[in-house]
Amino acid sequence: MEVFISIIIGVLTMCAVYLVLSRSLLRIIIGTALFSHAAHLLVLTTAGLKTGDAPVLVHGVTDYTDPLPQALVLTAIVISFGVTAFFLVLAYRTYQELNTDNMEEMKGTETYD
Amino acid sequence: MKRKSKPVNDVILQTAAIIIFFIIVIFSIDLFFAGHYSPGGGFIGGLMTSSALVLLLLAFDSQTLKTVLPIDYRLMTATGLLIALGTSLHSIFWGRPFLTHAYDKFHLPLLGEQTLHTAIAFDLGVYLVVIGVTMTIIQTIGESE
Amino acid sequence: MSVLHLAILLPLLAAPFIPLFFWGLKRIHTGWFVLIVPVLLFTYFAGYMPTTSAGEVVTKTVSWMPSLGVEFTAYVDGLSLLFALLITGIGALVVLYSIYYLDKDKESLGHFYVYLLMFMGAMLGVVLSDNMIVMYMFWELTSISSFLLIGYWYEKERSRYGAQKSMLLTVFGGLAMLGGIILLESMVGSYSIREMVANQAVIAESPLFLVAMVLILLGAFTKSAQFPFHIWLPDAMEAPTPVSAYLHSATMVKAGLYLVARMSPVFQESPVWLWTIASVGMFTMFWGSFNAVKQTDLKGILAFSTVSQLGLIMSLLGLGAAALHYEGLDENIYMVATIAAIFHLINHATFKGSLFMMVGIIDHETGTRDVRKLGGLMTVMPISFTVAVIGSLSMAGLPPFNGFLSKEMFLKATTKVASMDFFALDSIGLILPIVAFIGSVFTFIYSLLIFTRTFMGKAKFELLPKTPHEAPVGMLISPVILAILVVGFGLFPNVLSHSLIQPAVEAIYPSLVAGGEEVEVHISFWHGLTPELMMTIGVVLLGTLLFWQIGRWMGIYNRIPHRLTLNGMYDGSLVWSNKAAYRFKDNYMTGFIRSYLIYIFVFLSGMMLFTMAWLDLFNFSFENLAEIAPYEYVLGAVVVLAALAILFMRSRLPSIILLGVVGYGVALFFVFFGAPDLALTQLVIETVSVALFLLVFYHMPDISKKEVRMRFKIGNAMIAILVGATVTMLSFMALSNKSLTSISEYYKENVYELAAGKNMVNVVLVDFRGFDTLFEIVVLSLASLGIYTMIKFRTTRRTKGEGAHEAQKQTRQ
């Protein structure tokens, strides 16, 4: 399972990097969203998968999955939502001000305004 | 949303949205309170509530939502932050380290034996911040044209 | 926190209130309020004199960063007390002088006195701290306050230049010193100077002994303006004269001397220590005095003379190390070098302080410091003239002033070198007394120049910007006090010997006085016809001759082209490094965010793969892996295909939907992994963010269908595959090397007992790791505020959509 997920993480990261390197702002934002998915899975996977029941105390159960990476990833999910939203609005405003979403055309625009 | 006047009157969506809104909100409140014992908590509850609000926003429009629920979501965020900070700070006055929580069992009318926990108050802060933040974002973007 | 700590910090604590006095009480000169601080501190520190002269030390510790071994330990012994008294005593006189020197209506005194107090506190911290990290912190603070004070008249270009130069050089030295401190700590295991002295043998045996020593000395040499780092001091003269008198002659530049004296017990058994300090100091002494003669600015003369005098004291501290190589204290004639160093340190503060103040007076009353315009002021400024003569003659080393005594001792110490039979001092060492002699001759000449050029000769009042007259009484108080001290210490030197000099010298030789012995210090005028007296007479004769014939040999100063001087090299290196930095920056800062991301990605992958290869971590062994259910294969395939499909999408809507598919797929994975909280959160977040994407993308253009070059695509794909593979490798590596057990066991065991909860994830979030959550919601709030401001507050108002852009373009045309 872990090996399988690791490969999925690799593919997700690859797609994310490819998108982030492209010229379109939209694709860059989609890339960052994919990045966060890959990172969340990575944290969970390296801690070991399915090592026990869900980390909610139940009488008689002794093996639980590690709650710490889950808590960390939960924090990360919410933060990445905030960051994605911020990026989106930044892109939107950039487009409004500069009338382009091509990264190459944006080069050096800060000096003109 | 350049088209200002809606040509179609989404009666079905709007009626359904109101009912679903209440169901989601009640579910989210349950999730929030259950958080300490079963899956749920401030984050999930908050997100759930805000998704219900987003549903309303989609079914009607932001102006209607504002008149029905006149909430300043930025104020909500600030309140949530204050509550969270306050519950983390209270332990300092008892000579304990920052963020030490306390709990005890109380006998409440109607509800019987219940555990009251300051962590719930902290979680309430999280809950309010999450709703405040999500709604601020959605509302400002929705209103921007 | 003891009274001693408060005393050190008092100037820093008082500083914030100074601007209040400046703005609130305009009628009274702010300096009067400031004056209270040094006067109070001086009396406080004077109270320590009986303690230190009895050979005792006072130590007070406040815990600061105990886990890092950084304690704020205040340590008062003879050496630190001497410096503390100098700092507060001269400080009080300088503040008093500045009240008359700086006009309260024209200058921003609020700034000035804040900087001055900051310096005073920092300097006290340097000399009274036992912990070297704390000392380093104060040390850099003195550099910063010196920078601010030199640049006080920041509208002048020369001020800014001088401030920058002093900052660059002293901070460079400070950083080198920090390196030395860390090396010493690694040898001894403590930042405490006392510990280092106690473990001197350990340090001496370390292979890094020399490196640590050179680094520490770099700090001391840059601060004390030793050759070739002396070039910052003349440019520092752009500061207001009270500052020059205080920082750049009496106190700050002596921090380097303090450091050398303080570190002497640690290093002084090494021949390198003795030779480096003695020769650098001696050459600085010669070079400073040689260059002082050609200066036309009075402050320039004093600056180079300060360089020269600092070199003199430095070389004495180096030579003093010779005393360790003789047994016993009786008849240990080599100790004379250290005694002379301490004595001259005090003397220099008095006579140079008075001279600086006198120059300030001349500048203030005539409007110029250029000796070519000055002359004949003796009749109009008799008191200033007297002060100048006393200061100059003391500096020249003539009786009956204190400079004569310490200069004699200096010459005596250098002549003794010849009779030392170690470190090759009896052969090559002979050059030291010769250089000392030549340096003294030039010292004699510039000392004469100072008062003959300004006060004697023909009066040229018509060249002066102002009509000269004697300075106000208040301005004369401080220089006159110092001049009285010059004479007083000259006539009764032994006032100082037991109370100040002896404890300070004992602090430099802890090993010699370990047995309860005492260093006998007795300074006397007449020793008989000793070699040093003959040298003094020689200096006077040769100096007078050269002074008389000065016009004939001044030409030698024009022989060195500017490019080859140290200042030329400094300026050139600044220009060069600026250019080189720009060129380097322009090469990689292309302005395309893509290039920056490529640097990051390639570096990340490179570092990771290199480290893994280096540590031989490619032997993956997977044990105890979880099972895979068939439906999980299906889900995995869906996620992978959806992610890959995004790459080929050319319009926004399918992209968003596919992103949603990936998100919901990940949420399902969370369900399978036994993470219900995550799954719930991910589901809701995914819903909300898809809505958000739709909202925003609605207003954005579609992904451009313009053909992108194939090379561009292939390059991106290569990097993407590289990073993806690296991350997979990283995950494999983590899976096959589980060396530590998870800290979660604690959470699992205590979730009910300590936190009365059952959902561990939630308890970790709100209770065990509540701090993370607290900051997280702060970050979230910031993000929402950022979004709010980006949309609601715009710098440019545009009417609507694209029409506005068109309209704007048209108006531009």
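Predicted model: local features only at pLDDT ≥ 70, side-chain atom pairs only at ≥ 80, totals over all residues.

Biologist: What share of the 113 residues of chain A counts as buried?

Modeller: The count rests on neighbours, since a residue is called buried if 20 or more other C-beta atoms lie within 10 Å of its own. Among contacts in chain A between residues at least 6 apart in sequence, 54% join residues at least 24 apart. Of the 113 residues of chain A, the share that counts as buried is 59%.

Biologist: And for chain C, what is the radius of gyration beside that of a compact globule of 813 residues?

Modeller: Chain C has 34 helices and two strands, and its C-alpha trace spans about 110 × 75 × 55 Å along the principal axes. Of its 813 residues, 49% count as buried, and among its contacts between residues at least 6 apart in sequence, 77% join residues at least 24 apart. A compact globule of 813 residues would come out near 28 Å, but chain C has a radius of gyration of 35 Å.

Biologist: Which residues does Ala340(C) touch, leaving aside those up to four places away in sequence?

Modeller: In soluble globular proteins, nonpolar side chains tend to be buried together. The largest nonpolar core here has 209 residues, and Ala340(C) is one of those with the most contacts inside it, along with Leu117(C), Met123(C), Leu149(C), Leu316(C) and Ile339(C). With residues up to four places away in sequence not counted, Ala340(C) touches Leu316(C), Ser406(C), Met409(C), Phe410(C) and Ala413(C).

Biologist: How many residues does the second, separate core have?

Modeller: This second core includes Ile28(A) as well as Phe669(C), Ala675(C) and Leu695(C), and its number of residues is 121.
The residues of chain C in contact with chain A number 83, and they meet 75 residues of chain A. To restate what you asked for, the second core has 121 residues.

Biologist: Which helix gives the most to the side of chain C that touches chain A?

Modeller: On that side, where 83 residues of chain C are in contact with 75 residues of chain A, the helices that each supply at least two residues include H26, H27, H28 (652-672) and H29 of chain C. By class, this side of chain C has 54 nonpolar, 20 polar and nine charged residues. The helix that gives the most, with 14 residues, is H30(C).

Biologist: How many residues does H33(C) give to the side of chain C that touches chain B?

Modeller: Here 36 residues of chain C are in contact with 38 residues of chain B, and the elements giving two or more residues to the chain C side are H29 (676-697), H32 and H33. That side divides into 23 nonpolar, nine polar and four charged residues. H33(C) gives the most, and its number of residues is 14.

Biologist: What covers the buried residues of H33(C)?

Modeller: Helix H33 (residues 770-792) of chain C has 23 residues and reaches 33 Å from its first C-alpha to its last, close to the 33 Å expected. Its buried residues include Leu774(C), Ile777(C), Ser781(C) and Ser784(C). Their cover includes helix H32 (760-768) of chain C, helix H4 (73-93) and helix H5 (118-143) of chain B, and helix H3 (67-98) of chain A.

Biologist: Is Asp616(C) buried or exposed?

Modeller: Most residues other than glycine have a negative phi. Asp616(C), in the loop between H26 (593-614) and H27 (630-648) of chain C, has a positive phi of about 55 degrees although it is not a glycine. Because 7 other C-beta atoms lie within 10 Å of its own, Asp616(C) is exposed.

Methods. Residues numbered from 1 in each chain as written. Chains lettered and ligands numbered in written order. Helix = DSSP H or I, 4+ residues; strand = E, 2+ residues; numbered from the N terminus. Expected span 1.5 Å × (residues − 1). Buried ≥ 20, exposed ≤ 12 C-beta atoms within 10 Å, placed from the backbone. Contact = placed C-beta atoms within 7 Å. Nonpolar A, V, L, I, M, F, W, Y, C, P; charged D, E, K, R; others polar. Rg over C-alpha atoms; globule rule 2.2 N^0.38 Å. Core = buried A, V, L, I, M, F, W, Y, C linked by C-beta atoms within 7 Å.
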